Amino acid sequence: MISTFKTTIASLAASTILATSAFAGELVINTDTSDPAPKAAFEQLIADFEAANPDITVKWNLFDHEGYKTSIRNFLTADAPDLANWYAGNRMLPYVNAGLFEDVSDVWEENGLNESLASAAGSMTIDGKKWGVPYTYYQWGVYYRKDIFEANGIEVPTNWDEFKAAGATLTAAGVTPITIGTKYLWTAGGVFDYLNLRTNGYEFHMALTKGEVEWTDQRVVDTMNNWKELIDAGFFLDNHTSYSWQEALAPMVAGDAAMYVMGNFAVAPLREAGLTDDQLGFFQFPVINPDVPLAEEAPTDTLHIPANASNKEDARKFLAFLASAEAQTKINETLGQLPINKDSTVGDDKFLQAGYAMLSSTDGGIAQFFDRDAPAEMAKIGMEGFQEFMVKPDRLDAILTRLEKTRLRVYK
Amino acid sequence: MSASRASRFNQRSLAPVLFLAPAILFFLFYVIFPIFQSIQISLYDWDGLGPKTFVGMDNYVELMDDEAFYTSLKNNVIWLVLYMLAIPAGLFIALFLNQTVFGMRLYKSLFFFPFVISQVVVGLVFTWFYDPSYGLLNVILGWFGMGPIAILGDETWVTYGIIFAGLWPQTAYCMILYITGLNAVDPEQIEAGRLDNAKGWNMLWYIILPQLKPATFIAIVVTVIGALRSFDLVSIMTAGGPWGSSRVLAYYMYEKAFSEYGFRMGYGAAIAVVLLLIMMIYITFFLMKMYRDERGQ
């Protein structure tokens, strides 16, 4: 009994030591890719990397999404892995500013990534240096039930009037036009992004999220009034404040709702729930103001080396491996997302092909996402405002005044 | 002679100090020291990673002009008031269960069960119960022709919905306190009361309740503490939503300091200090009562 206890203690101590101080040849990776597809993609990526580098053993710690967002701050400072995944743009800014991410411009130089990953170079650059390697991105847009559209004789809407007409037909048929779950707020941010990109264009949207424009500006009010048209016409799912984005998939699967403004990651669970490709379709968010060039939303996911990592040499090898055309092709095939490397092949999937075609012809600009383009605090209060607006559109003035107050404080 | 007196003096004075030392040290390091540290941090603008900037009272000034802070404060008051319902409810169940029937231990355990399970589970169970599309509550309301109410998605109902969920385990807690209290009730006094023709309400109010005073005191203490640290249920059931209308101070502090979009340590600390001040009112009252009781004996 006592001896078992002692061995347990000893092995516990040993594993703690292992976890904290990785020896040479061991590469520790922390990721939050815990959903089935991302998990499989990373498993495969790591296996391939180990096969190509037999002298390196990868130790992979998997976190859940929400927990990861808070634990990353702890492990970056206290117990740094050699690699950690995160997001491009403003989301990585606090860590870069705090000196917690390693400058990996050399990896970009040596492997010609400035060339092959050029499309995401901008969102990885802060102060002229690169802070990580992007490995995937995905389009946003409108996912819809093709069969319901056909049953009601609706064509894919390409402009605002057609979009509203489609909604009216659906409502008349007893189908909620757009499903959404705003419990965790960010889904409302996606809708706002698209309405604002279509009403005022990319430049204005970026200026707004960078804090250069007042929230009480007439152009923001225009965006919100467009949104209000949809709300007043009963476009959105009832009680959406009670649902997460996954729970909001259910009405669409059941045929009670016909559209979802979402990222491409919604396709996997919709397919799993039994929708076939004949029932499920994708279209670009319709034009609202024909004078603005179409801009899209396509968040980029990235991998970084923490500044306190112990095995930076092998971590750089891993980044170079991840950046290669073959690795990106393979990982994104499993992820069901788009590779960044321009020499990679896009998976043979109609949604990926549609997204790829849409994004490569986008001339208006590519936004990351509301909570990646705007600083964290502005994003939180902003998305809370959007959620409130979706339920109480009459409070528009109060909401915009509150956002403006936040802007004045956050960006000073 | 003098040497032995000195050693005896040392023993007498050292022993209590030594015995108290572990508790005092822990209290200093885990309670007193963090309080002063929070007060200090609340004077800074700090993201938890980078350098701190001294901003004086700015965090407090901002707090005074923060709608979300007043929403949280208001909700805390609602929590404090409504959470007290757990005490009479617990007493009622305790009286009900205080009989000798076959299998009473099982019933008692079943009533105590909600307190044993984690608050997170309680939160999840009630989230499903309130779910507007398939939740049991709306199924029941449907029988009476009442439309689905999204309790947790509606700014007027949400706080009450969460408090109701919290009352479930809290009532069980108060119940167990009263059940133990009832065991200590003096049967002779009840007998004497009966002889004087005390029944029902009078018996409860004049004979039983005075003897349950210690249990009531503890029940109030744990309920007030439970109401003020109501964090897990808010976090699990609504994450403070919709649009922040179910936040309480403890959750708002967490959100500002540690959540995904937060990391304003100074501001979070300022909220914590305000929460401490509110608790101080109650703690002072509690300490004064303890002090008076001890002196009375």
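User: What is the strand order of the open sheet of four strands in chain A?

Analyst: This is a predicted model, where local features need pLDDT of at least 70, side-chain atom pairs count only at pLDDT 80 or more, and totals for chains, interfaces and linings use all residues. Residues are numbered from 1 along each chain as its sequence is written, and chains are lettered from A and ligands numbered from 1 in the order in which they are written. Strands are DSSP runs (E, at least two residues; helices are H or I, at least four), numbered from the N terminus, and two strands pair if DSSP finds at least two bridges between them. The pairing in this chain A sheet is mixed, and the order is S8-S9-S7-S10.

User: Which strands stand at the edges of that sheet, and why is one side of each left without a neighbour?

Analyst: An edge strand here has a single partner strand, so one of its sides has no neighbour in the sheet. The strands in question in chain A are S8 (176-178) and S10 (280-283).

User: In which sense do S7 and S9 of chain A pair, and which residue of S9(A) is the bridge partner of A:Val142?

Analyst: S7 (residues 140-145) and S9 (residues 257-263) of chain A share five bridges, in the antiparallel sense. The partner of A:Val142 in S9(A) is A:Val261.

User: Is B:Trp243 buried or exposed?

Analyst: B:Trp243 sits in the loop between helix H12 (232-237) and helix H13 (249-257) of chain B. Its phi is near 35°, a positive value in a residue other than glycine. The cut-offs are 20 or more other C-beta atoms within 10 Å for buried, 12 or fewer for exposed, and partly exposed in between, with C-beta atoms placed from the backbone. B:Trp243 has 27, so the class is buried.

User: Is A:Asp127 buried or exposed?

Analyst: A:Asp127 is in the loop between strand S4 (125-126) and strand S5 (129-130) of chain A. Phi is near 55° for A:Asp127, also a positive value in a residue other than glycine. There are 8 other C-beta atoms within 10 Å, so A:Asp127 is exposed.

User: Which residues does A:Val410 touch, not counting residues up to four places away in sequence?

Analyst: A:Val410 lies in helix H19 (residues 396-410) of chain A. With 17 C-beta neighbours inside 10 Å, A:Val410 counts as partly exposed. Contact means C-beta atoms, placed from the backbone, within 7 Å. On that basis A:Val410 touches A:Gly211, A:Pro375, A:Glu377 and A:Met378.

User: Which helix gives the most to the side of chain A that touches chain B?

Analyst: The contact takes 22 residues from chain A and 20 residues from chain B. H3 (65-77), H4 (93-97) and H18 (376-391) of chain A each supply at least two residues of the chain A side. With eight residues, the one that gives the most is H18(A).

Conventions
Two residues are in contact if their C-beta atoms, placed from the backbone, lie within 7 Å.
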